[in-house]
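Dear colleague,

Please find below the sequence and structure that I am handing over to you. A short account of what was found follows them.

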Amino acid sequence: MKIITNLLVLIALLSTKVATAEFNYTMLPEKVADNIYTILTPTRDFPNPENGGWNSNSAFVVTDEGVLLFDTGSSTVIGQALRGSIATVTDKPVRWIVNSHAHGDHWLGNAAFEDTVKTIYATTTVTGLIENDGQRWVGNFNEMTKGITGNSRIVKPTLTVDQRLELNLGGTQIVLMQSGGSHSPGDLMLWLPAQKVLITGDVVYSDRMPSTNAGDLNQWIETLEFLQSLNPEVVIPGHGNLTDKQGLIQLQSLFSALWQAVAKGIDEGMSDFEMLPQISQALDSFKPMYPGLEDKLRRDLSHVYLQVEAASFK
């Protein structure tokens, strides 16, 4: 039996190398609880030639009837590498996929599992965005990686989930939950109550500043409050290392401080450009914990400014 298992692992690794001949992805599954694994990218950058476009985390659950995969990466070749990595843990096929949101680094690998997957879950909003905007993501990543991610084929979600949904997949209880558009329209998260593992997509970042230019910051703060009430023992973020409830508290504190700093600037009659230095200073204590904070603040402040300004008129 051990010889057969080792042979399966070798075949999986060889198939991964063949599928990703343009780039050598090293994807090592990490066990976080019984039958639950994560595959964490080491990069904290946007897709580029150095990271081969692999810049987001994935997670998978091994059930009695197959594998549930949460997020499939930035391209078909990355999806194929994920498939090979999963095969080092189990010979069961991927039967279910969750696409957490519409940003291409989390779903463009869907096609790598088309021959085995039964259901791809996403919200209606995300399904529409993938259908209408998918090719733009393919082109953007191909350009950013100088062709490494290739021309991925769009494989859309097959089942929409627009409210909390409890499922038993292969004997494993899971809960799919919406974030109310916290990070981006249609975010979907996965909660495994028995194992107390939370898989969040980009609703949670750790050791990297989140992108806030497509989200609803006030809703995000409320969502993080709710997620804390679940008392998760492990949180698998969309970007960054594994975290836990403390990571949720820390991220909520960052967003609350950002909101308050912007509100103060508005009260003082400042434009978004004028208040940037004092907001940066107000968030100084968070900079060691969230690299890239300064750059993201410059890029995203106008979006947050409009939200805080609108809230002040309610």
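Helix α3 makes the greatest contribution to the lining of the largest pocket, supplying 5 residues. Please bear in mind that this is a predicted model.

The pocket itself has a volume of about 320 Å³. Its lining comprises 19 residues, and those closest to the centre are Phe-46, His-103, Trp-137, Ser-211 and Arg-299. At least two lining residues come from each of α3 (124-144) and β11 (197-205). Sorted by class, the lining holds 7 nonpolar, 7 polar and 5 charged residues.

Buried here means under 20% relative accessible area. The side chains of the strand may be followed in two sets: Ser-58, Phe-60 and Val-62 point one way, while Ala-59, Val-61 and Thr-63 point the other way, and all are buried.

Which strands pair with β3? One is strand β2 (residues 36-39), which pairs with β3 in the antiparallel sense over 4 bridges. In this pairing, Thr-38 stands opposite Ala-59 of β3. Another is strand β4 (residues 66-70), also antiparallel to β3, with 5 bridges. Here Ala-59 stands opposite Phe-70 of β4. The strands β3 and β4 form a hairpin, with 2 residues between them.

With kind regards

Methods:
Residues are numbered from 1 along each chain as its sequence is written. This is a predicted model: local features need pLDDT of at least 70, side-chain atom pairs count only at pLDDT 80 or more; totals for chains, interfaces and linings use all residues. Side-chain values use heavy atoms; hydrogens and water are left out. On a 1 Å grid over the protein atoms alone, a cavity is a set of points where a 1.4 Å probe fits but cannot get out, and a pocket is an open set with protein on both sides within 12 Å along at least five of seven lines; lining residues have an atom within 4 Å of a point. Grid points are joined across faces, edges and corners, and a volume is the space filled by probe spheres set on the points. Ala, Val, Leu, Ile, Met, Phe, Trp, Tyr, Cys and Pro count as nonpolar, Asp, Glu, Lys and Arg as charged, and the others, Gly among them, as polar. Buried means under 20% relative accessible area, exposed over 50%, partly exposed in between (1.4 Å probe, protein chains only). Two strands pair if DSSP finds at least two bridges between them.
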